[in-house]
Amino acid sequence: MAAAAELSLLEKSLGLSKGNKYSAQGERQIPVLQTNNGPSLTGLTTIAAHLVKQANKEYLLGSTAEEKAIVQQWLEYRVTRVDGHSSKNDIHTLLKDLNSYLEDKVYLTGYNFTLADILLYYGLHRFIVDLTVQEKEKYLNVSRWFCHIQHYPGIRQHLSSVVFIKNRLYTNSH
Amino acid sequence: MRLFVSEGAPGSLPVLAAAGRARGRAELLISTVGPEDCVVPFLTRPKVPVLQLDSGNYLFSTSAICRYFFLLSGWEQDDLTNQWLEWEATELQPALSAALYYLVVQGKKGDDVLGSVRRALTHIDHSLRRQNCPFLAGETESLADIVLWGALYPLLQDPAYLPEELSALHSWFQTLSTQEPCQRAAETVLKQQGVLALRPYLQKQPQPSPPEGRAVTNEPEEEELATLSEEEIAMAVTAWEKGLESLPPLRPQQNPVYSRLRQWNTLYLCGTDEYGTATETKAMEEGLTPQEICDKYHIIHADIYRWFNISFDVFGRTTTPQQTKITQDIFQRLLARGFVLQDTVEQLRCERCARFLADRFVEGVCPFCGFEEARGDQCDKCGKLINAVELKKPQCKVCRSCPVVKSSQHLFLDLPKLEKRLEEWLGKTLPGSDWTPNARFIIRSWLRDGLKPRCITRDLKWGTPVPLEGFEDKVFYVWFDATIGYLSITANYTDQWEKWWKNPEQVDLYQFMAKDNVPFHGLVFPCSALGAEDNYTLVSHLIATEYLNYEDGKFSKSRGVGVFGDMAQDTGIPADIWRFYLLYIRPEGQDSAFSWTDMLLKNNSELLNNLGNFINRAGMFVSKFFGGYVPEMVLTPDDQRLLAHVTLELRRYHQLLEKVRIRDALRSILTISRHGNQYIQVNEPWKRIKGSEADRQRAGTVTGLAVNIAALLSVMLQPYMPTVSATIQAQLQLPPPACSILLTNFLCTLPAGHQIGTVSPLFQKLENDQIESLRQRFGGGQLEETLDLKAKMSPKPAVAETGTTAAPQQIQALMDEVTKQGNIVRELKAQKADKNQVAAEVAKLLDLKKQLAVAEGKPPEVPKGKKKK
């Protein structure tokens, strides 16, 4: 999904009515937003954080210092690790790590839904759709989290809903 | 909260610099872990620095940790900071980690390193300029500054990687670097070792993939073609067609052969410095008089240079009457002006031999480490400088009797009195000159420590006599008069010698040497000359190389490891190939290593397949398709672009050689021939010659242009491979004036109708077995022994403090050994082998690891696991 399309999705999920126009920069098609009152903003997570503030939903950036830092950490993870030219191997390492991280968490920050969940969900969507049933079961915590986010009101929009099976098929999977 | 850092992990820099912000808000503990320790339980790949929060959560992103520290101090996030941090993570980091990896782990330098980050550096510079603010996100220093500064510091602290034209970046970087938290972080992480402090960490990391879009590589094969402007093409074409030559720059030049190509009046001299203790010792060993020894070795040396085709105008020696005359004159002038001191020195005297034992004539037990065979001036084991009278159980090296301490009168050059003049002269000379950075550094460190009076006489017979009453049986110390040798050698060559040596306004003096000779050429001699007040020409450009290692270790004459000048001719490899390879690996900027395999590779790939192939094909096409006459050329836009590329590369060659970057300029030659090969390959003259009239004309143009490029290459090659250059010029029948002059434009030197001679291949393939037998013969396989010795001779962890580490090649070799041994151990364990056997191999592994640690200058016991600080 192109970054501009993703930002439009985000605008809608944030309830921003007036759609912004984005241009793209360089080989990686980095999104650029020309704001009305200042210089342009460049970069997916930079613009996303800006939109969150525009929508007066600052809580999505975290409420404590700790939460704010964690949100930004996963946003960085999203643009460096998920968007990197990931090989199949990289993606599996990434899912394994994320699976282990989410073992005791509902959301990326723990108990609060944030922008990090939204952008990681958008970024991972293309990989999760392609997972086999067995793989989804292997990354059980990722699947649980992903399924939860895609059902969060207003987030998924036109993206395909990924099916997760609730009962385990591969009992001795590891 | 607890911060986990690792030795040499670059991420520690911004984190430590930002940590101050959190002071007083939370308790911060710092733990040092190994680079491969997995601190974060949920991450597969090890990651440091990591901040473990009191809640149990982990921050594993460097920026996020810094951000957290800033947030704790009450700072509010803003768009601009977010933007810089996102840019840092996605654009700067990939480029930077590639650059650091090239620099620190692969030992590349210059543009190979800078190439990948230049775009990012320019971006920062432009942004700072555009905003017109001293800091990235406004008037005050903030998170973005700390994160970017920390990322860039390891690279930019070396001025070589902070391009001067990026002035805004420059001043931003300087401002931050001088701030206390940053300074402290830099000291903690880099430990005054510069970027090399990152080596232990970086070499454990996977090689970063180069920033996308542009492959950054050392191999010119993948070189991107420079983008050319219309003007550049137009200028190149005009020069080619009209034979125009732009005015030569008014800057005289050193690289003597190159200077001659530019038609600058050049004197190229060298010689043997023949006086001193070493000669006396050698003479005694061989049962000859010192004069006989010098005569013998002067001829051997001269023969070696002749074999290598080094075209000195004069190759002289220091044992001549002129040397005595000029040295004594300089001494008298120094004495008359009060720059010579007299003092008594306690010295060892052998009563049986009836003489004072200077320097290496005495051996004994090292007062520092107890080594039994320490020399009078230095201990071979601990490397410390020794005052001969401090040796325990001293022995005369000649008769083995015990010398006694006697006092002897000596003369000293009063360097402290000359220091101010020296500094003035350096202040005028150094800026804008081509002194190599290592030479500048060595001189600066001598001056920083303050100059001390330097003894210039010795109790020897073999030397320049001291013209002073009471000093009849003493001679000048070899380093007082060796550098005067250049003057006396010139005086023996021409009675007009003072036009070279007392003419600083008109003569530019370039001196070439290895870095160990810098103090004598850049400091001692200039002081003598300045004190003599006789308008001497002083060195304008002091060009010092680093050291060249042999295969994986050092050259060692005593152990027969390495190829020495006189042996090169017995290898069956032509002098020009030696010249090419030795210049290709010339230790400019850092130590390099001679490797047989690499020599074979470079000969077969660069000389045979690239350069030789191109020149041969160009000539063959003229012979075969056009009866030996250069065909008519009708240039198409493609040809014009090629002309411009060649011209551009020729310009670069000139620029590099004017800056005495001999190794890099050689790459320009290879690049041009690569362009040429590609050009022939694309245009396929061998097919077109059989085609229509238009096709045949095209074949003619391509052939004509190619053979002209070959002619240009023959001239560019002259400083590097004189014999090959002459062979090409004979094959192409290059008109004599074109042979010996190199212009700054690429001109058509072989016009249509020019008849060339017989073309034949220029280079021979080097075969594996040939190289393998040479490697055996010259002892390259004695690695084990070298390492063993190295380990034995390595001092205790004191090395780490002095920053002395083994050569990168040695470290690499040891690392390979460790890996190999590690595999053996793993395999044995996997096979569930006998316990004792495993234990023996493990012991070997541990020993190797210890050696590696010593070689890297680290204390041998690397703490495993977590250690509280």
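Here is a short chat about reading helix packing and aromatic pairs in a predicted model.

Me: What should I know before I start reading?
Reply: Local features in this predicted model need pLDDT of at least 70, side-chain atom pairs count only at pLDDT 80 or more, and totals for chains, interfaces and linings use all residues. Residues are numbered from 1 along each chain as its sequence is written, chains are lettered from A, and side-chain values use heavy atoms, leaving out hydrogens and water.

Me: At what angle do H22 and H29 of chain B pack?
Reply: Two packed helices are described by the angle between their axes and the distance between the axes. Here, helix H22 (residues 596-626) of chain B and helix H29 (residues 768-777) of chain B pack at about 150°, axes 9 Å apart. That makes H22(B) roughly antiparallel to H29(B) (angles over 145 degrees count as such).

Me: Which aromatic rings are stacked?
Reply: Rings of Phe, Tyr and Trp (its six-membered ring) pair if their centres lie within 6.5 Å; planes under 30 degrees apart are stacked, over 60 edge-to-face, the rest tilted. One stacked pair is B:Phe312 with B:Phe315, centres 5.5 Å apart and planes at 20°. B:Trp425 and B:Trp435 are edge-to-face instead, at 6.2 Å and 65°.

Me: Is B:Trp435 buried or exposed?
Reply: Buried means under 20% relative accessible area, exposed over 50%, partly exposed in between (1.4 Å probe, protein chains only). B:Trp435 is buried at 3%, and B:Trp425 is buried at 10%.

Technical notes: Axes are lines fitted to C-alpha atoms, for helices over the stretch in contact, and angles run from 0 to 180 degrees between N-to-C directions. Helices (H or I, at least four residues) and strands (E, at least two) are DSSP runs, numbered from the N terminus. Angles under 35 degrees count as roughly parallel, over 145 as roughly antiparallel, 65 to 115 as roughly perpendicular and the rest as oblique.
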